[in-house]
Amino acid sequence: MLRYIKQLKIFFLVLAVVSGVIIYLIYTALDNEKPLPIYQPNRVDTSLVDSTIQHKKKYHTIADFKLINQNGDTITQADYEDKIYVADFFFTTCQTICPIMTTQMYRVQKEILDDDEVMLLSYSVTPEIDSVEQLKRYAIEKGVNDKKWNLVTGDRKQIYDLARKSYLVVKDDGSEPYGMVHTENFALIDKKKQIRGLYNGISPTSVDSLIQDIIRLKKEYQ
């Protein structure tokens, strides 16, 4: 009887050790999420990518820029140096998807308001209409926090090139030089100026994923 009890104790001890190892392995697997992908032009819908870079398979980054924000300040890549940020393309007089996109971007702003590592950036695709004054009115109306979120306007060709050669989120409308048809896409950009995610900016579920991916991306820098 004593021998049986001793064997039983050994069995339960081994079972406890094995269970502990299994739990540890499961926890480790869940905790070590795979890094977010790095998007390259050759993996994005060709209608959103300039023909000159559709073949590009690696080393794609966001080009430098120099534009004006809602406060009349010059905004460049330097303002986003060592930052994670979310970018989109919109226009203030849009009555279709833009208001929804702005509402969803505002959701992101609330999530990252106290996070010095993350910012937002919205480019106007109608820079001739979206003056500094117009952007400021829009910013106030939509609750834009100037310290976290820049709405920028400026040279149409520069914005066009950024949209189709850098962020890969805008279609050419074919009706005029540098004409743009913006999409609902939000782009998640890392500290190396690489695209790490593309999201449907009118879908709350997709924006939920974006918010979670910001958290995942931040872990890469810890």
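What is the volume of the largest cavity? The largest cavity has a volume of about 40 Å³, where a cavity is a set of points on a 1 Å grid over the protein atoms alone at which a 1.4 Å probe fits but cannot get out, and a volume is the space filled by probe spheres set on the points. This is a predicted model, in which local features need pLDDT of at least 70 and side-chain atom pairs count only at pLDDT 80 or more, while totals for linings use all residues. Residues are numbered from 1 along each chain as its sequence is written, and side-chain values use heavy atoms, with hydrogens and water left out.

Searching the whole structure gives one cavity of 30 Å³ or more. Among the residues that line the largest cavity are Asp-88, Cys-98, Ser-122 and Trp-149, a lining residue being one with an atom within 4 Å of a point. Helix 2 gives the most to this lining, with four residues; helices (H or I, at least four residues) and strands (E, at least two) are DSSP runs, numbered from the N terminus.

| Element with at least two lining residues | Residues |
|---|---|
| Strand 3 | 84-90 |
| Helix 2 | 98-112 |
| Strand 5 | 149-153 |

Helix 2 also meets helix 5 (residues 204-219), their axes coming within 10 Å and crossing at roughly 30°, with axes being lines fitted to C-alpha atoms over the stretch in contact and angles running from 0 to 180 degrees between N-to-C directions. Helix 2 is therefore roughly parallel to helix 5, a label for angles under 35 degrees.

Conventions. On a 1 Å grid over the protein atoms alone, a cavity is a set of points where a 1.4 Å probe fits but cannot get out, and a pocket is an open set with protein on both sides within 12 Å along at least five of seven lines; lining residues have an atom within 4 Å of a point. Angles under 35 degrees count as roughly parallel, over 145 as roughly antiparallel, 65 to 115 as roughly perpendicular and the rest as oblique.
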